[in-house]
Amino acid sequence: MSDAKKMKSVLAVLSGERRDPPPVWLMRQAGRYLDEYRQVRSRARNFIDFCLSPDLAVEVTLQPIRRFGFDAAILFADILLVPMALGRDVRFVAGEGPQLDPLAPEEIDAMMVGDVEGILGPVGETVSRLSRNLPGETTLIGFAGSPWTVATYMIEGGGSKDRMKARALAWAHPERFDALMDRLAEATVRYLVMQAQSGAEVIKLFDSWAEGMSVPLFERAVLRPTKAIVDGLRAAGVTVPVIGFARGCGSMLPRYARETGVTAVALDQGVDPRWADAVLPAGMPVQGQLDPAALLAGGTALDIETRRVISAWQSRPHIFNLGHGITPEVPVAHVERLMAAIRQ
């Protein structure tokens, strides 16, 4: 058997090879739509403890692999572990989501990147255990939130519809904002180096709130920090592929793909595949882009949309995924139907 055939399917695609059918995994594939996940979640005191308990995090990462046979497992953690490691109080309130004390501009001056590896060491232990316990054909993905998305939670004090406070801070206090991006990028590099050294075979950067930004702000908040992370990983000797997800970035996608150094781009369902194929670098792998609502709907509509997504990317290396995360209401049977449609 050739070396190409021996390569794990996700890694083969990220190296530029097409696989038919495409490999598949789903964002948030370990989550509340699974009964077994909810049972394990009930054993943790709170969500932060859940993420930092290797026994629990390993178990919920493995659950969807056992049930569905996805081609990749993504580390179970949360993007807000990095601000916690930087000394911010992060709380997850049932029914309300994450809450933080809003970061004031003057607080940025005193923010230091401390012992990221020590505070988040349990995550490294989770990755190490997963690398030893996953099936041989399953790729292990590590991840972090990109600086802009993490910063929006820190500045807003939680989730926000328009990130208005974060955007205003960037314009009103440009030097402080840029310093915040630099510190988050530094902390993220150290966190991801630890994950790669522990066994992560791919890194994914989530910029979930990259939409609705002017070009100058996108350059400062998304392009520059993302490039700093990729450059920092390479300087540290990390050679694994990096998937970048700048959700909703629209016409800035070509610059994101070309200027940040990412290996592949993940696409949300709002991106026209024909346009993206024309503007992305030749041969760059893509990931996506099934509408999570189609997975929730199920039935014939799911079958049709699954085939459309696969067909749309016949000319490129493609990893099948959702355009965003799986929702808690999705029936397990719909995921089983999706997997059958892809494998067939």
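Which residues lie nearest the centre of the largest pocket? In this predicted model, they are Arg 28, Arg 32, Phe 47, Asp 78 and Phe 92, which belong to a lining of 35 residues.

**View 1. The largest pocket and its lining.** The largest pocket holds about 1,300 Å³ of space, and the 35 residues that line it include Arg 28 and Asp 78 among those nearest its centre. By residue class, the lining divides into 21 nonpolar, 7 polar and 7 charged residues. Helix H3 (35–41), strand E2 (90–93) and strand E3 (97–100) each supply at least two residues of this lining, and H3 gives the most, with 3 residues.

**View 2. The open sheet of 7 strands.** The strands follow one another in the order E1-E4-E5-E6-E7-E8-E9, and their pairing is parallel. Strand E1 (72–74) and E9 are the edge strands, each of them pairing on one side only. From one strand to the next, the twist averages 25°.

**View 3. The pairing of strands E6 and E7.** Strand E6 (residues 242–246) and E7 run parallel and are joined by 2 bridges. Within this pairing, Ile 243 stands opposite Ala 264, a residue of E7.

**View 4. From strand E7 to strand E8 by way of helix H15.** E7, helix H15 (residues 273–279) and E8 together make a right-handed β-α-β unit. Ala 266 has Gln 287 of E8 as its bridge partner.

**View 5. Strand E8 and its neighbour E9.** Leu 290 stands opposite Leu 322, which lies in E9. In the order of the open sheet, E8 is written between E7 and E9, and E9 is one of the edge strands, pairing on one side only.

Methods: Residues are numbered from 1 along each chain as its sequence is written. This is a predicted model: local features need pLDDT of at least 70, side-chain atom pairs count only at pLDDT 80 or more; totals for chains, interfaces and linings use all residues. Side-chain values use heavy atoms; hydrogens and water are left out. Two strands pair if DSSP finds at least two bridges between them. Helices (H or I, at least four residues) and strands (E, at least two) are DSSP runs, numbered from the N terminus. A crossover is right-handed if, with the strands pointing away from the viewer, the path from the first strand over the helix to the second runs clockwise. On a 1 Å grid over the protein atoms alone, a cavity is a set of points where a 1.4 Å probe fits but cannot get out, and a pocket is an open set with protein on both sides within 12 Å along at least five of seven lines; lining residues have an atom within 4 Å of a point. Grid points are joined across faces, edges and corners, and a volume is the space filled by probe spheres set on the points. Ala, Val, Leu, Ile, Met, Phe, Trp, Tyr, Cys and Pro count as nonpolar, Asp, Glu, Lys and Arg as charged, and the others, Gly among them, as polar. Axes are lines fitted to C-alpha atoms, for helices over the stretch in contact, and angles run from 0 to 180 degrees between N-to-C directions.
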